[in-house]
Amino acid sequence: FPFPYTPYRIQEQFMEALYGALEAGRVGIFESPTGTGKSLSLICGALSWLRDWEEKRRQEEARLLALGASGQDGQTPQQAWPGSADTAGELDWVTAFVQKKEERDMVDRLKEEQIRRKKREDRLEKIRHNVQLKYAAKRKRCEEDEAKRLLQLSKEALSQGSGEGVLDQLDHNEEELILAEYESDEEKKVVSGLEEHDDDLEEEHVTKIYYCSRTHSQLSQFVREVQKSPFGKDTRLVSLGSRQNLCVNEEVRHLGALQLINDRCMEMQKNKHGKKSDEENEGKKRRVSRPVCPFYTYEQMQFLCDEILAEVKDIEQLVSLGRETKACPYYGSRYAIPAAQLVVLPYQMLLHEPTRNAAGIKLKDQVVIIDEAHNLIDTITCIHSAEVSGSQLCCAHSQLSQYMERYRKRLKAKNLMYIKQILYLLERFVAMLGGNVNQNPGCQAVSQTGTVLKSINDFLFQSQTDNINLFKVQRYCEKSLISRKLFGFVERYGGPATAVKTNKENQKLAGLQNFLLTLQQGSDKEGTPQSPPMEAEHDHLRTASPLMQIEGFLSALTNANQDGRVILNRQGTVGQSSLKFLLLNPAVHFAKVVEECRAVIIAGGTMQPVADFREQLLCCAGVDPARVVEFSCGHVIPPENILPIILCSGPSNQQLEFTFQTRDLPQMMDETGRILCNLCNVIPGGVVCFFPSYEYEKQVYGHWEKTGLLSRLAAKKKIFQEPKKANQVEQVLVEYAKCIKRCSQTGGQMTGALLLSVVGGKMSEGINFSDDLGRCVIMVGMPYPNIKSPELQEKMTWLDKTMPRAAGQAPSRVLTENLCMKAVNQSIGRAIRHQKDFASILLLDHRYARPAIFNKLPQWIRERTQVKPAFGSAFAELRKFHRGKLDAL
């Protein structure tokens with residue numbers, strides 16, 4: 001395996017196991033602790049396999065082409081062609097002719113493929129070496145812009161003389177709001193706009209590796225590793241992201257909310273493919289409200305696509321290149337997918353089938369690597385669960401009924417039928433929450449509050465919607481783009497001033513409906529599409545069209561009855577109440593990925609406990625147990641660099657058991673404080689202490705303040721608390737790091753800092769407490785999930801019904817333990833980040849010593865863990881460990 005430096009032995013083992021799994025087409029669960037160079041091992045192992053695979057394919061092609069050439073006179077050896085076994089001597093002239101034709105076609109196809117590949121490689125080579133070419137394209141673009149601007153100015157000068165009829169324009173403008181005869185004209189236009197380049201677009205998907213991770217920063221980090229690796233120069237890599245991350249059109253970017261950005265982008269493309277003659281005759285108003293995206297031009301995007309493939313780029317580099325070349329990175333990167341060897345993308349894009357299809361991702365016979373996969377089951381559950389509030393349901397009903405009223409005469413019968421079905425569904429869903437669609441959802445009180453769970457069939461039956469074919473409604477929403485048309489309609493009539501013309505019966509409702517529209521639209525009135533994004537809290541009110549959310553909920557209801565539940569959450573008013581679909585069986589959505597792909601690798605730093613993946617995900621998805629391979633490697637740090645201790649009791653012999661009942665006792669909180677005070681005396685640098693929840697951390701902090709324990713702690717270490725708001729995390733971390741650095745340089749009374757964090761919070765994943773930032777990680781109690789939550793209870797019941805008991809334990813019990821230990825393993829893995837790092841890990845709770853729990857710790861920690869019944873001996877060990885390390889430094 002080519003590697004930028006001499007790999008550790010465990011990296012070699014990891015790459016060998018990975019290569020074997022890809023070669024044999026397995027589903028692999030790979031665990032490699034953080035700090036062991038997992039990303040590089042994945043890159044070098046997987047790309048080595050891909051390089052060898054491509055070489056084999058080339059040799060096979062050459063062999064077949066040679067055979068084809070030599071066999072033109074009819075002497076082709078029959079057995080050389082797959083699928084043409086001898087049919088027991090019955091080879092008459094017809095079979096022979098068909099066979100010959102198949103052989104000839106195959107040779108022709110291979111020749112074509114070779115020519116196409118050669119063309120592409122030449123083009124990329126040219127781009128890599130020819131700077132002139134880059135600037136020629138840029139210059140051409142600038143010239144076009146200038147010409148367009150001048151043309152625009154002259155048009156305006158001409159049109160100033162003639163006052164055009166504003167009314168005519170408006171009606172002309174409204175044409176595109178009317179639903180077409182039920183058939184998706186959008187796709188046709190998009191294709192026809194690019195018809196002349198069809199041969200390029202229809203490029204064959206080469207065998208490739210799809211690499212996904214959780215966040216954009218993790219993906220960027222991975223791309224940087226690829227750039228540093230020996231494969232960095234000649235790998236065709238493309239990074240995919242959402243429009244929010246990749247859009248370079250400032251006018252669209254400032255809309256803020258993802259849904260709005262998506263809608264505006266689609267809207268602009270539609271304008272692009274609209275009739276050219278319309279553009280000629282349009283007046284100023286039309287131009288302002290119906291802009292065309294200047295970045296969506298075929299030539300520029302094709303050029304950008306080549307640029308992407310010629311050199312490895314991360315998302316930031318891609319965006320700046322898009323700005324520079326005036327080409328859309330979002331679509332440019334999609335054009336590059338077929339020819340790419342490595343596609344880097346976020347989880348959601350790969351795991352959600354509609355998104356996958358929209359992006360043009362084809363999984364057939366490809367390789368998928370899912371990194372940071374410890375939360376894979378939760379991620380799939382979240383992606384496929386959907387929630388809609390009462391106010392969204394009422395709002396969508398109001399908008400849609402006004403839309404129908406206005407265009408009733410223009411809509412075809414099929415459209416009216418479906419719109420009426422959707423209105424009926426909305427009406428019944430609001431009724432299930434105890435409300436009426438024709439009244440303000442904010443003013444309707446709910447009589448019976450609380451949470452109720454129902455199976456999908458029961459929900460549809462009780463809401464009297466079981467006679468409607470949801471599959472058809474869902475397909476209609478997809479094809480007719482009704483939510484986009486509705487968005488355009490609301491955008492035009494959203495302001496309170498422009499009431500929709502209604503007939504007599506609807507007059508009484510008009511005021512309320514306008515109120516609903518303004519409530520939903522916020523400040524986004526027709527004339528001011530540039531209004532600044534509102535605060536994040538109001539984002540859900542500003543989503544382009546509530547019907548979008550509802551479409552997600554409707555499609556969730558098409559899951560099989562046993563795979564999900566509907567949660568009716570009735571709060572104070574109908575507006576605050578909500579309907580939520582909860583997916584219980586994530587395997588149904590993962591099954592497609594596993595079936596289609598050649599190989600799937602699920603990798604992470606801490607994958608323990610692995611049983612979850614095997615049973616809930618792979619077995620349920622129908623994967624043959626023989627196809628699953630597991631690989632777990634140790635850590636690169638020497639054993640003496642880590643000291644994990646399970647502590648059963650504190651300094652005053654109080655047994656440590658932080659159950660829900662006992663953790664609030666003053667003596668438990670006092671004991672925790674004493675342990676920390678003692679540790680802060682002997683541990684240098686940073687100490688990170690994890691609590692099970694924000695509430696408990698707040699409670700303990702308040703108690704210590706009262707008892708004076710906090711000031712004793714603060715004398716040794718400066719105390720920081722994890723903020724609840726994500727945008728403040730960075731600042732707290734910077735201050736924390738500064739404080740530790742200052743203390744280590746100046747010496748004196750203060751020895752560093754203490755960071756009070758929360759399991760599952762912002763600090764427990766993806767943040768490195770390397771070296772002095774985390775010399776000790778403390779886990780207070782066991783972070784079991786809230787068993788009272790209806791979602792978890794339903795999941796537990798479902799598991800008990802569908803899964804076999806494991807080692808005498810009920811599956812629901814195993815689930816809660818696994819969720820708890822996954823969170824613990826994530827948090828304690830924050831401390832050791834590289835080979836020379838050292839840290840102590842302290843688990844405060846005697847329950848950690850139970851075999852069932854103990855065995856769920858990562859192997860490299862488990863092997864070195866000591867169980868200490870009393871505090872004295874644990875304290876002595878810790879002091880010795882840290883003294884020894886300081887002397888060695």
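**View 1. Leu618 and the residues around it.** Leaving out residues up to four places away in sequence, Leu618 touches Val27, Ile29, Phe590, Ile602, Phe613, Val623 and Val628; contact here means heavy atoms within 4.5 Å. This is a predicted model, in which local features need pLDDT of at least 70 and side-chain atom pairs count only at pLDDT 80 or more, while totals for chains, interfaces and linings use all residues. Residues are numbered from 1 along each chain as its sequence is written, and side-chain values use heavy atoms, with hydrogens and water left out.

View 2. Buried means under 20% relative accessible area, exposed over 50%, and partly exposed in between, using a 1.4 Å probe and protein chains only.

**View 3. The buried face of helix α29.** Which residues of helix α29 (residues 611-619) are buried? They are Asp612, Phe613, Gln616, Leu617 and Leu618. Seen down the axis of α29, these buried residues fall within an arc of 160 degrees, so they line one face of the helix. The arc is that of the directions from the helix axis to the C-beta atoms. Helices (H or I, at least four residues) and strands (E, at least two) are DSSP runs, numbered from the N terminus.

**View 4. Helices α20 and α27 where they pack.** Helix α20 (residues 390-407) and helix α27 (residues 546-556) pack at an angle of about 115 degrees, and their axes are 9 Å apart. Axes are lines fitted to C-alpha atoms, for helices over the stretch in contact, and angles run from 0 to 180 degrees between N-to-C directions. On the α20 side you will find Gln392, Leu393, Cys395, Ala396 and Gln399, which meet Pro546, Leu547, Gln549 and Ile550 in α27. By class, this contact has six nonpolar, three polar and no charged residues. Ala, Val, Leu, Ile, Met, Phe, Trp, Tyr, Cys and Pro count as nonpolar, Asp, Glu, Lys and Arg as charged, and the others, Gly among them, as polar.

**View 5. Leu425 in helix α21.** Leu425 sits in helix α21 (residues 413-432) and is buried, with a relative accessible area of 1%. Leaving aside neighbours within four places in sequence, Leu425 is in contact with Thr465, Ile468, Leu470, Val473 and Leu554. The C-alpha atoms of Leu425 and Leu554 are separated by 9.4 Å, although these residues are 129 apart along the chain.

**View 6. Two loop residues with positive phi.** Most residues other than glycine have a negative phi. Lys326 is not a glycine, yet has a positive phi of about 55 degrees; Lys326 is found in the loop between α15 (315-325) and α16 (329-335). At 28% relative accessibility, Lys326 counts as partly exposed. Gln464, also not a glycine, has a positive phi of about 60 degrees and lies in the loop between α22 (456-462) and α23 (470-480). Gln464 is partly exposed, with a relative accessible area of 44%.
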